[in-house]
Amino acid sequence: MATVLAALWGMIVKVALFWKSRFWSWLTWKKPTDVWVNILQNAQSYEEWEEAAFQLDVLLGNDLWRQNPISKYYDYRLIHERLQSIIVAREENDVLTLVNLLRSGLVRNLGNITAPRLFNRAFAGTKLLIEDYITQVAFATSFVAALPATAGTDGNVTATGLSNQAKLDLLHDTRQAFGRSTLVLQGGEIFGMCHLGVVKALYLRGLLPRIITGTATGALIAALVGVHTEDELLEFLTGDGIDLTAFGSGSDGDDKKRPPKDGGWWATLGRRTKRFYKEGYFLDISVLEDCVRANVGDLTFEEAYNRTKRVLNITVATAGHGSVPTLLNYLTAPNVLIWSAALASNVSNPTLYGRSVNLLSKSLDGTIVPWFPSESATFRPWTHATYSDRDSPLTRVAELFNVNHFIISQARPYLVPFLQSDMHGPSGSYARRGRTSFTSHLLRLITMEIHHRLSQLDSLGILPASTRRFLIDETVPGASVTLVPELSTGDFLRLLETPTRGSLDHWILCGEKSVWPAVSALKVRCAVESELDRGYQFVRRRKAGGLRRRASTLDTSHATNETRRERTSSSSGGHWKSDGRNTEDMQS
């Protein structure tokens, strides 16, 4: 009898536990879309984010939209026709037809394939027809660049009727017609650390432009990126290669203690308020100077370009129209020290930093001296600068380097809450409910209305210059993609913190996450450009080895003649010397 009762009791307990687990599962059950949305939003790597994006597209039916090439937002017939022509030419090894297709048809926005509506419908990308077209164009470019070459009886190099010189001309002319991209890093205070994550994500996807432009905090990050070679960049972008000891405890030139590493934002606010009360300024410029100099060194713009082949641009603003250009790079200011230019782009308000800065340069013998054009210049905050369309730094970048596409990383604290990345993909509410939330539409409408009214005031000349620079972005002279990090309320409490190793990892991840939804759009816009550049460099090294740019500070025995030649080089767009003949090549 006892055995029967024990067995009965055991059965009752098992049944109770079973229904308890079922009830708990019912309470905690989540729809598959909710699970993948959480994974997408909390992803720590692009691979994790990409897997979640693909799964969401399958669950929501967006994969069927991607497979269907028809859309009213782009000319799918044109894209399909050109795709088939390229495939047939490659399969038949028809080099002449392939060359004609590359020369005549490479346009960044061919058939409107870069329209934002095509990239905000699905999480993982756009129409497969567009992605296939870009892939085949990139393959065709690499195919032409890598054609096997054989030496003829006369010593000339030929390859299926296409010599290396013909390939060099083809790739150069096609790249010139296609245009170039630049990464623009705009301001941001401590939020500017997100720019590191933007650079890292673009670099890992092979989409980082060779032309980088920075303003304010963006100038500091651009300077750090612009002095590192390809092999050094990845280690630097993980944060391990960044020296933050200047923000640790120690003594500066005035024997004052620098801020402790982990004092918190409240302690930082108290310390800066106390400094302002006693000395009349908030921030210690020597700390920033030591940090930038420790990471950048005493490299000039030209030395950094010769070392990395990256074009670094830093924007500065001066009172009046002086002799200091608004855009500093290896053409306009080849001998200027990069760290001094980065400081000048940031430290331009005596109330904040206590003293102004001056641009420094290297003389012919390598000594560091003040840069003559800036000795009488007064640097101003970028928010007080007003540019005509002609004098705009971005317009100068476009003119000097054939730039017609701008990737803008926007991290200004007062703009981030009201902005959204251009290529943001579907929202989380769309994934959960199959439609975009009313609040997101309303916030977007309010933002656009405010921007429109401010633009009207600006066109009437009523809006003050400082307010204009704060609230209205500079006109971009070309196609652009804006990347905006998604920041939480807690991130705004970090505005007063000093950078630490832990906070650096946080900001880098924030910057990476702002790029991931736009990777597909950036591939469509930049993959062909990257392949053209890679193919050109490959053929150029094989055909015209030994190209080098005349350095302005290397030949000390002919200082006067070198200076005159460098001025000519800067105004004409670069002077090259190769095997006894001169070649102008701004795109190398």
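Q: Which order do the strands of the open sheet have?
A: The open sheet has 6 strands in the order β6-β5-β4-β3-β9-β10, and the pairing is mixed; strands here are DSSP E runs of at least two residues, helices are H or I runs of at least four, and both are numbered from the N terminus. Its edge strands are β6 and β10 (479-483), each of which pairs on one side only, where pairing requires that DSSP finds at least two bridges between two strands.

Q: Before we go on, where do these values come from?
A: This is a predicted model, in which local features need pLDDT of at least 70 and side-chain atom pairs count only at pLDDT 80 or more, while totals for chains, interfaces and linings use all residues. Residues are numbered from 1 along each chain as its sequence is written, and side-chain values use heavy atoms, with hydrogens and water left out.

Q: Back to the sheet: in which sense do β3 and β4 pair?
A: They pair in the parallel sense, over 5 bridges, and L185 has G214 in β4 as its bridge partner.

Q: And which helix lies across β4, β5 and β6?
A: That is α15 (residues 338-346), which runs at about 35° to β5; the angle is taken between N-to-C directions, from 0 to 180 degrees, with axes fitted to C-alpha atoms, for helices over the stretch in contact.

Q: What about α17, why is it described as largely enclosed?
A: Helix α17 (residues 393-401) is largely enclosed by the rest of the structure because 7 of its 9 residues are buried, meaning under 20% relative accessible area with a 1.4 Å probe and protein chains only, whereas exposed is over 50% and partly exposed lies in between. Its buried residues are P393, L394, T395, V397, A398, L400 and F401.

Q: What covers them?
A: The cover includes strands β3 (180-186), β4 (211-215), β5 (311-315), β6 (327-328) and β9 (403-410), judged by contacts, that is, heavy atoms within 4.5 Å. Just after α17, N402 takes a positive phi of about 60°.

Q: How many helices and strands are in the protein?
A: The protein has 24 helices and 13 strands, and buried residues make up 47% of its 588 residues.

Q: Where does pLDDT stay under 50?
A: pLDDT, the predictor's confidence in each residue from 0 to 100, stays under 50 over residues 151-159 and also over residues 546-587, while the protein averages 78 and 73% of the residues score at least 70. Where pLDDT is low, the predicted coordinates should not be read in detail.
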